[in-house]
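Biologist: I'm new to this one. Could you walk me through how to read a few of its features?

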Amino acid sequence: MNAYRPIAVAALAAFASLTFAGSALAQSAIAANVAKPGSLPEIAIGSAKAPVTITEYSSMSCPHCAAFSQNVLPMLRSKYIDTGKVRFVFREFPLDIKAAAASILARCAGKGDSEKYLSAVETLFKLQDRLMAQTKDTLIYVGKLHGMSEQEVATCEQDQAQFDKLTADQQYAYSELKVTSTPTFFLNGERLQGSMSFEELEERLEPLLKK
């Protein structure tokens with residue numbers, strides 16, 4: 001009986017190695033799917049050559065997403081994004097029509113500039129309670145803060161083509177990437193669901209940066 005033990009251990013080790021390789025391959029495939037360009041222009045900050053890419057799927061009506069934006073992202077940015085270690089990609093995954101309207105406003109305010117877009121998002125998150133209670137007035141207010149007239153806000157919110165693209169990107173995230181809630185993060189293809197503190201995120205980041 002003992003004679004077969006080394007063979008069993010070797011077989012187990014080989015199986016574990018194959019399983020790990022399969023898992024790494026699957027994660028690589030997910031990372032490739034996450035990286036595919038969507039219908040809307042990419043919102044990203046940080047070096048394209050960074051060893052780690054964090055992609056966040058977020059809803060403007062999600063309190064945990066607002067908390068991440070206000071409490072975690074600034075530290076992530078100063079320590080990892082601005083130093084070239086991490087590329088951060090922001091993706092919309094609106095959980096309701098109010099969140100979708102806020103996402104479209106941020107797109108219009110950003111005018112294709114990721115920094116301007118994220119600045120509008122930051123404002124919207126800070127005013128999240130007001131956005132949920134008085135959506136139209138808050139969108140107009142945030143639009144004006146970011147250089148838009150009331151008419152420009154109205155025109156922006158009537159752009160059905162933008163809403164269609166937003167819906168298409170959300171459907172892709174749901175069907176292909178299994179995003180079902182917010183926030184959902186992808187760290188080089190590894191899917192993480194739910195809120196995270198900076199310390200928890202850093203614990204996940206550091207091993208990837210050492211590879």
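Predicted model: local features only at pLDDT ≥ 70, side-chain atom pairs only at ≥ 80, totals over all residues.

Biologist: Which residues touch the most other members of the largest nonpolar core?

Modeller: That core has 49 residues, and the ones touching the most other members are Ile54, Met60, Leu76, Phe88 and Leu201. Take Ile54: beyond its neighbours within four places in sequence, its contacts include Leu76, Phe88 and Leu201, along with Val86, Val89 and Phe185.

Biologist: Now the backbone. Where is there a cis peptide bond?

Modeller: Start with the general idea: most peptide bonds are trans, and most residues other than glycine have a negative phi. Here, the bond joining Thr182 and Pro183 is cis, with omega about -10°. Pro183 belongs to the loop between helix 8 (160-176) and strand 4 (184-187).

Biologist: And phi? What is the value for Lys178?

Modeller: Lys178 is not a glycine, yet its phi is positive, near 60°. Look for Lys178 in the loop between helix 8 and strand 4. Its relative accessible area is 47%, so Lys178 counts as partly exposed.

Biologist: What about Asn188: which loop holds it?

Modeller: Asn188 sits in the loop between strand 4 and strand 5 (190-193). Asn188 isn't a glycine either, and its phi is positive, about 50°. With a relative accessible area of 28%, Asn188 is partly exposed.

Terms used
Residues numbered from 1 in each chain as written. Heavy atoms only, no water. Core = buried A, V, L, I, M, F, W, Y, C linked by side-chain atoms within 4.5 Å. Buried < 20%, exposed > 50% of the residue type's maximum accessible area, 1.4 Å probe, protein only. Contact = heavy atoms within 4.5 Å. Helix = DSSP H or I, 4+ residues; strand = E, 2+ residues; numbered from the N terminus.
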